[in-house]
Amino acid sequence: MIDAYLVTVLTLMTVWSIVALGLNVITGLSGQFNLGIGVYMGTGAYVSAILTTQSGLSFWEAMPLAVGAASLMGLLTGLPALRVREDSLAVLTIGLVFVFESLLVYLPYFGGPVGISKIPRVALAGQQLGNEQFLLLALCGLAVASAICWYVKNSWLGLALESIREDEHATSVIGIYPARFKLYAFAIGGGLAGLGGVFYAHFMRFISPYDFGFMPSVYVLVMLVFGGIGTIRGAIFGAVVLTAVPELFRAVQEYRNLVNGVILILMMLYQPSGLLGRGSYLWSLFQRMSGSATLVRPAGVSDAQYP
Amino acid sequence: MSWATLGQQFVNALALGSVYAMIAVGLAMIYGVLRILHIAHAGVYTAGAYLGLYFFHLTGSFFVALAGSMLLTGLIGALIERVVYRPIIPKPRIVALIASIGIFICLSDLFRILAGPYQLAFDYPALAGEIRFLGMSAPSVDFAIIAGTAMTFGGLWLLVQKTRIGFGIRAVAQDIEAAKMMGIDVDRSIQAVFFLSSAVAAFGAIMVGVLYNAVYPSMGDMIGYKGLALIVIGGFGNMMGAVIAAFVLGFAETFVTTYSDVPLSREGIAMFMLVLLVMIRPQGLMGKRA
């Protein structure tokens, strides 16, 4: 038996890891700025919450539908990414997250500003899952999400996405149609973030529009950047550490935003690829220690930096 | 709907557009020289309001408060450029964007810690009343905002078009490398841009503080995001385009919220319009098709 409080923190870490992995596919792999990951997380959470509280579906029936809806939302919001890029896209996604939040607040169907409460616990074989079993379930979700990310990164699709990130124009010249692959990235990333949202909704059992607004979206970006954007280990590491730190130090909890902001600035100034990102100090050290860095790069050539 | 209410709405819209324009013009200038989205401008704006309130309580003079806040806020802007942006600029684009978010988060939390999470009143009796004419009445702050904006923009235009430092700014905005080769002090020009934009933002923030009689930590957030969207719509780095977009938004927001019953908040409507505009004309109102 482990401490109930610890279980709560571990579950939150898992949930945020899944969402960060989703953002990693969109912003890390394919280089599309997105400051509105909350839209997809919120879609997943709200669809699942409404289906289970109002339509009487079980968690298991609602989850694929919710993830599908989040994925669809990814496709929809990916459409503007075909028309605008970089800075315009960043601004556009900020706009989208505000429209999303304001829609949820003003439509009574979504519970208005108070949100949706009494979201049922997950039941398996007629038995309600306790918090510890739920943690296991969420960890399974994280494993699936990591596997998807690993597959995407190491398949032809990942190659296409990374080449769009590095040079969109050159990519289209060699016959890869960037629009299609950008939409794939938004759909996959949206779906993953939606999965995180589903777990969030059924764990908190109460959701409000403000859980998925601009600030939560920025937190996810902070996690990703802190850990190492573009890598699976970085997304998970960032989510785990930045969920743990406010819990460990009460002083940090009080000044959470200040600490987050300072972390962002310092990371950008001194280690923009993240603590465990490609070519970062810690990761190179780890590779040297474990002897896995067999490839010796000629001096002056560094890993391709993001983006 | 009478002509009097229409006139009042017109004044309101003009004042709102002026406030947006003051933010957007600074963001456009900064984008013009550094090609970055200065999200932290929202935090700088809020700093202007707090500093203005502080000086107002300290001295009791509104004009000292304006001048002191504009000066100090300008220095804060220049400091941000010097400490954070200058080392980051050679790195990939997203680095500066994320650092900017970091500064923004830091600043807004600092205000909460230093001044408390609640609203502070900004009582300035001379501008608190309403002005009546032609059968209509509008807050006198509205007129102060419109007049102040006109004066600020006039000054800014003179500075950018007629002075040496303005010459440097225009050169850097056109081509930073060429400007460097022509012997223009690029760093000083960029510092000047940050100082000016931040000072203008502080002016807008104090006026808004008086208008709503409230200064609070997140007062800059919404207006900052809108400002960013406005410079996209205005055609990146195009000051004129940003100002026009700001007034379009001011009018659209005022009239849509007054004369329709869309089930969205004011901010939701504004953001929705901005998203639509960005999608329809990604190159901006004044921008050329790439």
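Between which strands of chain A does the loop that holds Lys118(A) lie? Lys118(A) is placed in the loop between strand 1 (116-117) and strand 2 (123-124) of chain A.

The model is predicted: local features need pLDDT of at least 70, side-chain atom pairs count only at pLDDT 80 or more, and totals for chains, interfaces and linings use all residues. Residues are numbered from 1 along each chain as its sequence is written, chains are lettered from A and ligands numbered from 1 in the order in which they are written, and side-chain values use heavy atoms, with hydrogens and water left out.

View 1. Most residues other than glycine have a negative phi. Buried means under 20% relative accessible area, exposed over 50%, and partly exposed in between (1.4 Å probe, protein chains only). Arg205(A) sits in the loop between helix 8 (178-204) and strand 4 (206-207) of chain A and, at 32% relative accessibility, counts as partly exposed. Helices (H or I, at least four residues) and strands (E, at least two) are DSSP runs, numbered from the N terminus.

**View 2. Ile263(A) in helix 12 (residues 256-270) of chain A.** With 18% relative accessibility, Ile263(A) counts as buried. Not counting residues up to four places away in sequence, Ile263(A) touches Phe226(A) and Leu242(A), contact being heavy atoms within 4.5 Å. Ser290(A) is 27 residues from Ile263(A) in sequence and 28 Å from Ile263(A) in space, C-alpha to C-alpha.

**View 3. Packing of helix 1 (residues 3-34) and helix 10 (residues 239-259) of chain B.** The two helices pack at an angle of about 145 degrees, with their axes 7 Å apart. Axes are lines fitted to C-alpha atoms, for helices over the stretch in contact, and angles run from 0 to 180 degrees between N-to-C directions. The residues of this contact divide into 20 nonpolar, 7 polar and 1 charged. Ala, Val, Leu, Ile, Met, Phe, Trp, Tyr, Cys and Pro count as nonpolar, Asp, Glu, Lys and Arg as charged, and the others, Gly among them, as polar.

View 4. Chain A has 13 helices and 4 strands. Of its 307 residues, 56% are buried.
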